Amino acid sequence: MILWGAYVRASGSGAGCGAHWPLCNGVVIPQSAQAATMIEFTHRIMSGLSVLFAVGLVIWAWRSYPRGSQVRLGAGLVGLFTLSEAVVGAGLVLLELVANNDSALRAGSVAVHLVNTLLLVASITLTAWWASGGNPVSLGRQGINSTLLVAALALVVLLSATGAITALGDTLFPAASLAQGVQQDFSPTAHFLIRLRIYHPLLAIVTGSFCLFLALRTRDRQKEGLAGKFAAALIACVAVQICLGLLNIYLLAPIWLQMLHLLVSDLVWISLVLLAAASLRQPPPPESSPSRQPPPREAVNLPADRGWGKPGPGSDGLQPLPETQKASRVCARGAGFSWGLESTGRTLPGRVRF
Ligand code: HEM
């Protein structure tokens, strides 16, 4: 849906349903076979489906997890950011900030739309992380690590917002050649969307270098842990993204490359969010603590990760099992994977997890 949204913008189809929302050209199902209408209408169908999925996720989280659970928090945020995404999208259509509109209000709106998308993606990522047994995140305990990670998250959000404005400039004022594009970028009389284009690559150099530094630092400190793996993913995504960005300028941003660049920017973001979640997770409470969270019925076992997050002694990074279920967990580690046998006194007599 995110990629299709970029396609709607890049193909100039944002006005395909006129200034109507939620109806398309005043009707529920458009009769016109125009390409722009079909492209915009498809995006609306996808957004309707994503609202249904978000509602389903919230209901599932509330039914499966207890009050105060991180999974409920994550799912609630998914519901919230899905709604705000729909409101921003509807605002773009109703205020006619689409097609050839080149106002500052449109530039600001596409940046806000993209930032909301990132917050939605982060919420989905964290919901999956917590539903898989990841511990809650704590910013207070990690000192410089928290500061570096929060700075990296903020820089990637800012970089992506400038990218959305650059993409709008490329769509509305396509350059005929690389030389003409560069000349326009530095012309004081050029439209502000053209003059702003230069800032995204510059910020990308700063942000990319910072993310690489952070990821290499993490990987050096914990090669085996989950944080180390997310750091390796971040390094790969940033390296690919910088190549795609350079190619974008060289090829004058064709639509397929814009979509690919956007896809990889989401992968950069997801890797960074997971790196932050794995690095900043709280140590699990001691065995006897009454504040422990019961795990979901279908909890997924995650490999152990010791290091930056400094989980407590003997921790495996999973939510502890509830006292009431008299649970016991026996883990054996083999070559390349770990598996465990868990028995609970109540709902599940026994199960093997890989
Ligand atoms: C980690 C690094 C980067 C991230 C996270 C990132 C993110 C983004 C995002 C989110 C967009 C908007 C996409 C859209 O709305 O369709 C964008 C656009 C753009 N970026 Fe980047 N970018 C990065 C690096 C770079 C680099 C290094 C360059 C050039 C040297 C570059 C050049 C461009 C150009 C030309 C566009 C407009 C065309 C398009 O939409 O693809 N980017 N970027």
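V8 counts as buried in this predicted model, with 22 C-beta neighbours inside 10 Å; a residue is called buried if 20 or more other C-beta atoms, placed from the backbone, lie within 10 Å of its own, exposed if 12 or fewer, and partly exposed in between. The model is a predicted one, in which local features need pLDDT of at least 70 and side-chain atom pairs count only at pLDDT 80 or more, whereas totals for chains, interfaces and linings use all residues. Residues are numbered from 1 along each chain as its sequence is written.

V8 lies in helix α1, where helices (H or I, at least four residues) and strands (E, at least two) are DSSP runs numbered from the N terminus. Leaving aside its neighbours within four places in sequence, V8 is in contact with S13, G14, I39, E40 and H43, two residues being in contact if their C-beta atoms, placed from the backbone, lie within 7 Å. The C-alpha atom of V8 is also separated by 9.2 Å from that of A99, although these two residues are 91 residues apart along the chain.

The packing of α1 (2-10) on α2 (35-64) involves W4, G5, Y7 and V8 from α1, which meet I39, E40, T42, H43 and M46 from α2. By class, the residues of this contact divide into 5 nonpolar, 3 polar and 1 charged; Ala, Val, Leu, Ile, Met, Phe, Trp, Tyr, Cys and Pro count as nonpolar, Asp, Glu, Lys and Arg as charged, and the others, Gly among them, as polar. The axes of α1 and α2 are 10 Å apart and the helices pack at an angle of about 155°, the axes being lines fitted to C-alpha atoms, for helices over the stretch in contact, with angles that run from 0 to 180 degrees between N-to-C directions. The two helices are therefore roughly antiparallel to each other, a term for angles over 145 degrees, while those under 35 count as roughly parallel, 65 to 115 as roughly perpendicular and the rest as oblique.

The loop between α1 and α2 contains P22, which is joined to W21 by a cis peptide bond with omega of about 5°. N25 is found in the loop between α1 and α2 as well, and its phi is near 55°, a positive value in a residue other than glycine. A positive phi is likewise present at A99, where the value is near 50°, and A99 is placed in the loop between α3 (70-94) and α4 (104-131). N25 is partly exposed, with 16 other C-beta atoms within 10 Å, and A99 also counts as partly exposed, with 16 C-beta neighbours inside 10 Å. Most residues other than glycine have a negative phi, and most peptide bonds are trans.

Beyond its neighbours within four places in sequence, T207 is in contact with L155, V156 and L159, and its C-alpha atom is 9.6 Å from that of L153, a residue 54 residues apart from T207 in sequence.

Of the 28 residues around the ligand, G163, A167, A204, G245 and Q258 come nearest, a residue being near a molecule or strand if its C-beta atom, placed from the backbone, lies within 6 Å of it. The elements that give two or more residues to this shell are α5 (144-172), α8, α9 and α10 (255-279), and the largest share, 8 residues, comes from α5. By class, the shell has 15 nonpolar, 12 polar and 1 charged residues.

Over the whole protein chain there are 10 helices and 3 strands, and 35% of the 354 residues count as buried.
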